Amino acid sequence: MPSSSASSCNKQDALLNVLTPPKGATAALLLQNGDVFWGKGYGAHAVTDPAELCFCTATTGYQETLTDPSFSKQIIIFTFPHIGNTGINSFDNEASHIRAYGLVTKELPTAPSSWRSERTLPEWLIEQNRPAIAGLDTRRLVSLLRQKGPQNALIAFPKNGKFDLKQAFEKLQKWEGLESQDLAEDAAGESRQWHEGRWQETLPETKNKVRVVALDFGAKDNILRSLVSAGADVHVVPGSSSIEEIKKLKPQGIFLSNGPGDPEATGKYGVPLLQEIFKLNIPIFGICMGHQLLARALGGKTYRLPQGHRGTNHPVKELASGKVEITSQNHGFAVDPESLPKGVIATHISLFDGSNEGLEVVGKNIFSVQYHPEASPGPSDAVHLFEKFMTMIRQNLSKNSSKE
């Protein structure tokens with residue numbers, strides 16, 4: 001599909017000249033600078049609220065990606081062309097519904113060809129009231145994001161074919177973007193006990209499970225499944241819970257989940273809570289947003305990445321051993337390793353851009369990683385970290401019992 005770019009400084013006037021879509025176009029992607037990319041819409045007829053446009057390089061797992069709470073208030077450009085070819089099933093969701101606002105693909109989805117498929121991607125998008133647009137030059141869009149950084153955008157796929165891009169542009173100009181936004185509180189679920197293990201298995205109750213309280217800042221389901229499969233009795237509570245609520249559950253370990261938004265904003269309540277949790281002297285393990293909040297609670301700082309890391313092929317190096325693992329990632333913020341105080345060390349780095357990918361507290365059972373070891377979607381190179389956490393908890397329990 002052709003794209004229309006406004007060259008004038010007055011983008012609103014330029015938009016008045018492109019209200020009529022080119023022949024065959026049924027949807028538009030509008031950027032904050034006034035650029036309009038025309039294409040073919042599919043999924044739900046809707047105009048999204050303003051969102052951050054980002055790109056994901058994963059070659060599989062589009063269902064998990066779209067339902068990942070860390071994609072809240074974002075529109076995803078998929079760089080892999082074959083999106084939708086395995087359909088949608090009841091088992092691969094990472095949350096109860098799609099969290100991304102919409103998606104951009106190079107091609108329209110083809111008929112699904114997987115025995116697990118229960119419905120098509122367009123049918124699922126209609127059910128979830130999410131629009132999508134295809135036929136765009138995704139290479140050009142990704143190049144734009146790499147050069148200029150995150151862009152605010154929206155998708156317009158009106159049922160009547162009439163586009164009010166001027167009004168949409170005005171909405172984009174008013175939106176403040178994701179920076180300084182706490183999205184974790186809305187992404188978190190209610191307090192609950194989690195029983196399901198990996199591959200959707202409900203594991204039998206055993207006496208040797210360790211009690212883990214998972215602070216939910218927008219947790220993916222497969223992270224909770226991985227904790228259960230590793231041997232945890234998992235109690236999930238919102239990340240905004242009080243220390244008193246957490247103590248009542250008598251945790252033997254604390255897990256800090258992934259989640260959307262700016263860790264500095266979420267840290268306004270997350271950091272004081274973590275500093276109270278430190279006093280419990282029990283093992284702590286954080287992933288993604290949990291990693292960033294842990295760093296801030298320890299005295300470190302976070303910053304906005306130029307493009308963010310979103311995909312399933314990110315090489316991460318463990319500094320102590322030199323071992324490299326291929327990881328799944330989804331984050332737009334990172335920890336500044338130079339800001340970490342004495343006694344807190346960086347443990348992993350990204351081999352893409354050298355940014356921090358992990359930390360630990362010397363002499364304490366506290367560690368975290370920026371990437372997603374639960375591998376949903378992605379490689380399972382780092383799933384052993386859940387076992388590491390369980391071992392820490394059991395060793396801490398044994399150490400404490402020997403003192404009694």
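Tutor: A residue is called buried when its relative accessible area is under 20%, and exposed when that area is over 50%. The model discussed here is a predicted one.

Student: Which residues of helix α4 are buried?

Tutor: Helix α4 spans residues 138-148, and its buried residues are Thr138, Leu141, Val142, Leu144 and Leu145.

Student: Where do those buried residues fall, seen down the axis of α4?

Tutor: They fall within an arc of 155°, so the buried residues line one face of the helix.

Student: And which residues are exposed on the other side of α4?

Tutor: Arg139, Arg146 and Gln147 are exposed there.

Student: What happens at the start of α4?

Tutor: Asp137 places a side-chain oxygen within 3.3 Å of the backbone nitrogen of Arg139. Just after the helix, Gly149 has a positive phi of about 85°.

Student: Changing topic: how many salt bridges are there?

Tutor: The count is 11 salt bridges. One of them pairs Asp49 with Lys171, with the closest N and O atoms 3.9 Å apart.

Student: Why does the pair of Asp49 and Lys171 tie together parts that are apart in sequence?

Tutor: Asp49 sits in the loop between β4 (46-47) and β5 (51-56), whereas Lys171 belongs to helix α5 (residues 165-174), so the pair connects parts 122 residues apart in sequence.

Student: What do the side chains of Arg304 and Glu52 form?

Tutor: Arg304 and Glu52 form a salt bridge, at 2.1 Å from N to O. Arg304 is in strand β15 (residues 301-318) and Glu52 in strand β5, so this pair links distant parts of the chain, 252 residues apart.

Student: Is Glu52 buried or exposed?

Tutor: Glu52 is buried, at 4% relative accessibility.

Student: Where do Lys220 and Glu374 lie?

Tutor: The side chains of Lys220 and Glu374 meet in a salt bridge of 2.7 Å, N to O. Lys220 lies in the loop between β11 (210-216) and α7 (221-229), and Glu374 in the loop between β19 (366-369) and α11 (384-403), so the pair joins parts that are 154 residues apart in sequence. Both Lys220 and Glu374 are buried.

How values were computed:
Residues numbered from 1 in each chain as written. Predicted model: local features only at pLDDT ≥ 70, side-chain atom pairs only at ≥ 80, totals over all residues. Heavy atoms only, no water. Salt bridge = Lys/Arg side-chain N within 4 Å of Asp/Glu carboxyl O. Helix = DSSP H or I, 4+ residues; strand = E, 2+ residues; numbered from the N terminus. Buried < 20%, exposed > 50% of the residue type's maximum accessible area, 1.4 Å probe, protein only. Arc of directions from axis to C-beta. Polar contact = N/O pair within 3.5 Å; in protein donor to acceptor, adjacent residues only side chain to side chain.
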